[in-house]
Amino acid sequence: MQALVKPAPGPELVLRQEPVPEIGAEDVLIRVKKTGICGTDIHIWQWDDWAARTVPTPLITGHEFAGEIVDMGRLVEGLEIGQRVSGEGHLIGKTSRQSRAGKFHLDPATRGIGVNEPGAFADYLRLPAFNVVPLPDAIDDEIGAILDPLGNAVHTALSFDLIGEDVLVTGAGPIGIMAAAVARHVGARHVVITDVNPDRLALAERVADVRAVDVRTTELRDVIHDLGMKQGFDVGLEMSGNQAALDQMVETLTMGGRIALLGIPPGKSPVDWSRIVFKAITLKGVYGREIFETWYKMIAMLENGLDVRGVITHRFPVAEYRAGFEAMLSGSSGKVVLDWT
Ligand code: ZN
């Protein structure tokens, strides 16, 4: 089968022939149809310090996928050959306190496909049946291939009650844009998204019914005033990992505001904790997707009118994977989807 592989430490990936994975009694074999390129894959492509520390070589990369079940282990129940599926790319243990409490996304032994284990950028993927998420007809393979990042957005956005709230999203990358769309879908009043990249702000306005603000040229205070908000934002969704963005978020949040953090700062960054204390702000770190509550909610919302297709800006056959990674590296793309059919 063809697969996108990191053959050895160093930049880029190669498309080459690999053996089809063998499955165990509790696994399924999935014929991959579409995959999404993630920021994580860009770190692996560039082979930065994190990738060099984390990723074994050789490794088939990729973790955002949709496809069809073509084989099943003898102990697999409740799934069918030919079924259209996506799946959770975090492989979890079953013995930790968290897993045994049903909080699978908090299992400390989590390993990621395409990061620690063979991934989805391949014609075939082995996945534990436990991780498989069947796709309803209403969700096509292209949307199925971006459920992993949409799940990050949904997990973050649903961290706090957003009904009637004024929401600030910092960072208009694909996940920020999808989080803004989710906030709108679930009934937030005002949704404002900030960035310093005009292409991404324009994309945010096309995809979601939000106010997109370039913080280089516009003061958030003025936006708050324009929108008639009495105090500040009620909820912040930090998707950029940018120190200045978090600082602005804390500054423009109301007393008792809540912040969910998904963006990853590049290193240690100074935080004005006294302001967080005096504003009585609640902070929540967000990792991955709740297994499988986030999946349930996002599929239900997609079936009920949530539309994030506009966040996909580029589509390539896998033979043109270089163009896909270049689009991502340009910094102004939305999601990039590769076709394996
Ligand atoms: Zn991803």
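This is a predicted model: local features need pLDDT of at least 70, side-chain atom pairs count only at pLDDT 80 or more; totals for chains, interfaces and linings use all residues.

Residues are numbered from 1 along each chain as its sequence is written, and side-chain values use heavy atoms, with hydrogens and water left out.

Domain 1 brings 11 residues to the contact and domain 2 brings 10, with contact meaning heavy atoms within 4.5 Å. About 820 Å² is buried between them, and carbon and sulfur atoms give 72% of that. Buried area here is the accessible area (1.4 Å probe) that two parts lose on being put together, summed over both. On the domain 1 side, pick V308, V311 and S332: they lose the most area to domain 2, together 45% of what that side buries.

What about salt bridges across this interface? The rule (a side-chain nitrogen of Lys or Arg within 4 Å of a carboxyl oxygen of Asp or Glu) finds zero.

Next, select L150, I193 and L237. They have the most contacts inside the largest nonpolar core, which has 50 residues. Such a core is a set of buried Ala, Val, Leu, Ile, Met, Phe, Trp, Tyr and Cys residues joined through side-chain atoms within 4.5 Å; buried means under 20% relative accessible area, exposed over 50%, partly exposed in between (1.4 Å probe, protein chains only). Which helix gives the most to this core? That's α6, with seven residues.

Then hop to a second, separate core of 36 residues, with L13, V28, V115 and M328 among them.

Last stop: R289, in the loop between β16 (282-285) and α11. Helices (H or I, at least four residues) and strands (E, at least two) are DSSP runs, numbered from the N terminus. Is R289 buried or exposed? R289 is buried, at a relative accessible area of 2%. Show its side chain together with that of E88: the two make a polar contact at 2.8 Å. While you're there, look for H90, H105, D148 and W295, which are among the residues R289 touches.

Conventions
A polar contact is a pair of N or O atoms within 3.5 Å; within protein, one must be able to donate a hydrogen and the other to accept it, and residues adjacent in sequence count only if both atoms are side-chain atoms. Lists of a residue's contacts leave out its neighbours within four places in sequence.
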